[in-house]
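Here are some notes for a colleague who has not seen this structure before. Please read them with the model open.

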Amino acid sequence: MNTKIGFIVGSLRKDSNNLKTAQTFAKLLPDGVEANFIEIGNLPFYNEDLEVPGKVPESWTNFRNEIQKMDGILFFTPEYNRSMPAVLKNALDVGSRPFGENQWDGKPAAVVSVAPRGIAGFGANHALRQSLVFLNMPVMQQPEAYIGNFDSLLNEDGTFVEDTKNFFKVIIDSYLDFFNKLTK
Ligand code: FNR
């Protein structure tokens with residue numbers, strides 16, 4: 001059976017650089033490992049008042065079920081005002097509840113931040129890691145994946161330059177090593 005990795009992209013933009021990066025990661029996965037892109041833009045803001053029978057939004061239930069099916073999670077995040085975007089934080093919150101049913105629990109994760117400039121989403125990357133501690137997700141520590149100066153990483157045809165693709169492969173291989181150590 002394939003290893004199922006949930007790909008969660010913290011940008012809703014159609015031409016998102018994070019989405020483009022995630023799609024390239026997905027193509028570089030080895031046989032036997034599949035990328036499952038999980039939608040987060042349709043989740044109503046978390047509100048505990050809705051956490052009662054008959055009121056739970058269907059999109060929350062579907063999202064929680066999707067996360068439950070995943071063996072591991074790769075996060076791709078832009079930086080918004082030195083933190084993660086609200087839509088991504090909301091997805092973490094929705095997946096973590098109701099109390100005692102944290103769907104993220106124990107799933108090996110890695111964080112990739114993607115940004116237009118040299119600071120490379122450092123603030124978002126670490127804000128996200130802070131929440132993942134409480135969600136009890138083991139997160140790959142090294143190598144770190146800060147993808148900065150985004151436009152300089154592309155060829156004229158919009159594909160990633162070879163060095164960058166090689167770096168993506170290093171991140172994937174390291175993550176799968178980390179994943180296998182924790183799960184096999
Ligand atoms: C940004 N952007 C941004 N960039 C950054 O490096 N640090 C930051 O703190 C912020 N803050 C910020 C706030 C808000 C509200 C927006 C909309 C944007 C710019 C951001 O990195 C840029 O728009 C990226 O292209 C977003 O990622 P995607 O959509 O290309 O994946």
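This is a predicted model: local features need pLDDT of at least 70, side-chain atom pairs count only at pLDDT 80 or more; totals for chains, interfaces and linings use all residues.

1. Phenylalanine 37 lies in strand β2. Helices (H or I, at least four residues) and strands (E, at least two) are DSSP runs, numbered from the N terminus. Phenylalanine 37 counts as partly exposed because it has 13 C-beta neighbours inside 10 Å; a residue is buried if 20 or more other C-beta atoms lie within 10 Å of its own, exposed if 12 or fewer, and partly exposed in between, with C-beta atoms placed from the backbone.

2. Residues are numbered from 1 along each chain as its sequence is written. The average pLDDT of the chain is 98, and 100% of the residues score at least 70; pLDDT is the predictor's confidence in each residue, from 0 to 100. The ipTM is 0.99 and the pTM 0.98.

3. Phenylalanine 37 in β2 has phenylalanine 7 opposite. Strand β1 (residues 3-9) runs parallel to β2 and is joined to it by 5 bridges; two strands pair if DSSP finds at least two bridges between them.

4. The open sheet has 5 strands in the order β2-β1-β3-β4-β5, with parallel pairing. β2 (33-37) and β5 (145-147) are at the edges with a single partner strand each, so one side of each has no neighbour in the sheet. On average, neighbouring strands are turned by 20 degrees against each other, direction ignored. Axes are lines fitted to C-alpha atoms, for helices over the stretch in contact, and angles run from 0 to 180 degrees between N-to-C directions.

5. Helix α4 (residues 122-134) packs on this sheet and touches β3 (72-77), β4 (109-114) and β5. Its direction makes about 155 degrees with that of β4. Contact between two residues means that their C-beta atoms, placed from the backbone, lie within 7 Å.

6. Tryptophan 60 belongs to helix α2 (residues 58-69). Is tryptophan 60 buried or partly exposed? With 19 C-beta neighbours inside 10 Å, tryptophan 60 is partly exposed. Leaving aside residues up to four places away in sequence, tryptophan 60 touches Leu43 and Val94.

7. Which residues come nearest to the ligand? Of the 16 around it, they are Ser11, Ser16, Asn17, Asn18 and Pro78.

Notes:
A residue is near a molecule or strand if its C-beta atom, placed from the backbone, lies within 6 Å of it.
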